[in-house]
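Visitor: I am new to this structure and would like to go through some of the labels attached to its residues. Please show it to me first.

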Amino acid sequence: MNLNEIKVIAFDADDTLWVNETFFRDAEIAFAKELSAYGDEEDIVRILLDTEIKNLDTYGYGIKGFTLSMLETAHRLMGDKMNSEITEFILEKGKQMLAEPVDLLPHIELVLEQLSKKYKLVVATKGDLLDQERKLIKSGLIDYFHHVEIVSDKKETQYKKLVKHLDIKPNEFLMIGNSLKSDVIPVLAMGGYAFHIPFYTTWSHEQVDEAINHSKFKALSNAKELLEIL
Ligand SMILES: [Mg+2]
């Protein structure tokens, strides 16, 4: 590992800079409770998850797609009994999620402030454009970043494009994020560096079982550790 070659550091946003997954977990539980007359709550959460994954290609990631998947799941469970009460509950839940405050993760601001003196910092996130922009503005972090990349998915192709756009070589790029699947594996595959900082909960669709063993990979327990390494 030759960290001296790193020129640009990219941060994932959701559950790396700020809390996100918690809102989805809470919404799933509230949704299942609301529909508990139509099935076992655990089963309802599982059906909702299947619906979300099935819809990813159509709706992409984010709260709006999640809201549509809640509507579809309710319709599947309730059939003709679907009523305005449940419809309103779901739409309201989605809007509540979109209005949540942005809760920064520990030490993030300090870390960005320090690293921005030495490196070019960028955000690389997937999800809904409007919602990610809203969170970035609310976060107060936007001025630390040279560039914000909001993509529909984070695979090797998107990282190659980003590196090309930044006019650097893959080995001059470091990605930091909470998802092994989106923030680590495709970046290592491209030839970049990737550091993993796990969040306490990971969406099951983002989970991978493989243990990463790679010369350009590091697992950290919190963002502050970055200041000891970089
Ligand atoms: Mg994330």
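Visitor: Where does His-107 lie?
Guide: In this predicted model, His-107 sits in the loop between α4 and α5 (108-115). His-107 is not a glycine, yet its phi is positive, about 65°.

Visitor: Why is His-107 called partly exposed?
Guide: Partly exposed covers what falls between buried, under 20% relative accessible area, and exposed, over 50%. His-107 has a relative accessibility of 35%, so it counts as partly exposed.

Visitor: Which value does phi take in Asp-167?
Guide: Phi of Asp-167 is near 60°, which is positive, and the residue is not a glycine. Asp-167 is found in the loop between α7 (156-165) and β4 (173-177).

Visitor: What makes Asp-167 count as exposed?
Guide: The label exposed needs over 50% relative accessible area. Asp-167 has 70% relative accessibility, therefore it counts as exposed.

Visitor: Which residues form the negative surface patch?
Guide: The patch is formed by Glu-34, Glu-85, Glu-88 and Glu-92. Helix α4 (residues 84-98) gives the most to it, with three residues. Glu-34 belongs to helix α1 (residues 21-34).

Visitor: Which residues make the nonpolar surface patch?
Guide: Ile-137, Ile-142 and Val-148 make this patch of about 240 Å². Ile-142 is placed in the loop between α6 (129-139) and β3 (147-151).

Visitor: Why does Ile-142 count as partly exposed?
Guide: The relative accessibility of Ile-142 is 35%, which lies between the limits of 20% and 50%, so the label is partly exposed.

Visitor: What makes Asp-12, Asp-14 and Asn-178 donors of the magnesium ion?
Guide: A donor atom must lie within 2.8 Å of this metal. Asp-12 (OD), Asp-14 (O) and Asn-178 (OD1) lie 2.2 Å from the magnesium ion, so they count as its protein donors. In sequence these donor residues are spaced D-x1-D-x163-N.

Visitor: Are Asp-12 and Asp-14 buried or exposed?
Guide: Both Asp-12 and Asp-14 are buried. That label means under 20% relative accessible area.

Conventions. Residues numbered from 1 in each chain as written. Predicted model: local features only at pLDDT ≥ 70, side-chain atom pairs only at ≥ 80, totals over all residues. Heavy atoms only, no water. Patch = residues over 30% accessible without salt bridge, like charges linked within 9 Å, V, L, I, M, F, W, Y side chains within 5 Å. Areas by Shrake-Rupley, 256 points an atom, 1.4 Å probe, with all protein chains shown as cover. Salt bridge = Lys/Arg side-chain N within 4 Å of Asp/Glu carboxyl O. Lys, Arg positive; Asp, Glu negative; His and termini not counted. Charge placed at Lys NZ, Arg CZ, Asp CG, Glu CD. Helix = DSSP H or I, 4+ residues; strand = E, 2+ residues; numbered from the N terminus. Donors = N, O, S within 2.8 Å, 3.2 Å for Na, K, Ca; no water. Buried < 20%, exposed > 50% of the residue type's maximum accessible area, 1.4 Å probe, protein only.
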